[in-house]
Amino acid sequence: MEIANGVHHFDCGPFNWYLIEEEGRLTLVDAGFPGHYSVYKKGLELLGKSSKDIEAIILTHAHADHIGFAEKVRKETGAPVYVHSGDAKMACKPLQLPWFGLLSNAWRTYTAKMLGVAIVNGVFTLPHLTKVQTVSDGQLLDVPGKPKILHTPGHTDGEIALLLEDRKILISGDTIVTRNLLTGELGQPQLTNPILNHNYKQAMRSLDLLREIGEVTMLSGHGTPWIGDMNEAVNIALENSKRTN
Ligand SMILES: [Zn+2]
């Protein structure tokens, strides 16, 4: 379904990935878990598209729940996979997830369910990337949607958000989300839980880089869309972080 101007989203539970459409050509942003490939294929079909319409693949970061079926699509289409240089090495290794944070919270019903979804959808046999192209902060990618790369480290070193300036859309990855990944609670803009961050303090500081963006539809890696001023989103997220600390 079209979730924002020319951006499509297909239901993979708590794991979001998006297709940006421009003049019939597509950019895939993130790629769920490997098992979500069937949802991707069905999504293309619903749009009247096929793999040959994929021009680029962008990973907001190199965790397993975002790398998923990216290598499969890369091999199928020859489309380049863009990832920030800070995460390029991690993208080429298997099993990248904040395991300690997830396993130490596995007593929570929702976290246990998420781990179950990860296992059923192939996290242990995830084909890591064998070829990536690195991007850097401020770069405007000449691919469908013309996203501007915003380097927002913290969740991972190479975490990025994508600003589609003319459409007023921010694809925020896990820089700022609207779902608590341990409890499953949906809600206001928030950081991912401290234990799921490589560097939580840095993740908090990175939010300041989003304040000046203005009014957008924010599409995150986890949770539902949020529409509003990013300065307000950041204030809400920082307020929420006081409760999770
Ligand atoms: Zn994620």
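The legends below describe close-up views of a predicted model.

**View 1. Protein donors of the zinc ion.** Four residues supply the donor atoms: Asp65 (OD), His66 (NE2), Asp174 (OD) and His222 (NE2). These atoms lie 2.0 to 2.4 Å from the zinc ion. Along the chain, the donors are spaced as D-H-x107-D-x47-H.

**View 2. Geometry of the zinc site.** The angles among the four donor atoms run from 88 to 164°. A tetrahedral site would need all angles between 85 and 135 degrees. The site of the zinc ion is irregular.

View 3. Histidine 66 belongs to helix H2 (residues 64–67), while aspartate 174 sits in the loop between strand S10 (169–173) and strand S11 (177–179). The pair therefore ties together parts that are 108 residues apart in sequence. Histidine 66 is buried, with a relative accessible area of 0%. Aspartate 174 is also buried, at 2%.

**View 4. The largest nonpolar core.** This core holds 38 residues, of which Leu28, Tyr40, Ile54 and Ile57 touch the most other members. Elements that each supply at least two residues include strand S4 (25–29), helix H1 (37–46), strand S5 (54–58), H2 and helix H3 (70–77). Strand S6 (81–84), helix H4 (88–91) and helix H6 (109–120) also each supply at least two. H6 gives the most to this core, with four residues.

**View 5. Surroundings of tyrosine 40.** Leaving aside residues up to four places away in sequence, tyrosine 40 touches Trp17, Leu28, Ser51, Ile54, Phe69 and Val73. Leu28 and Ile54 are, like Tyr40, among the core residues that touch the most other members.

Conventions: Residues numbered from 1 in each chain as written. Predicted model: local features only at pLDDT ≥ 70, side-chain atom pairs only at ≥ 80, totals over all residues. Heavy atoms only, no water. Donors = N, O, S within 2.8 Å, 3.2 Å for Na, K, Ca; no water. Tetrahedral: all angles 85-135°; square planar, octahedral: opposite > 155°, others 65-115°. Buried < 20%, exposed > 50% of the residue type's maximum accessible area, 1.4 Å probe, protein only. Core = buried A, V, L, I, M, F, W, Y, C linked by side-chain atoms within 4.5 Å. Contact = heavy atoms within 4.5 Å.
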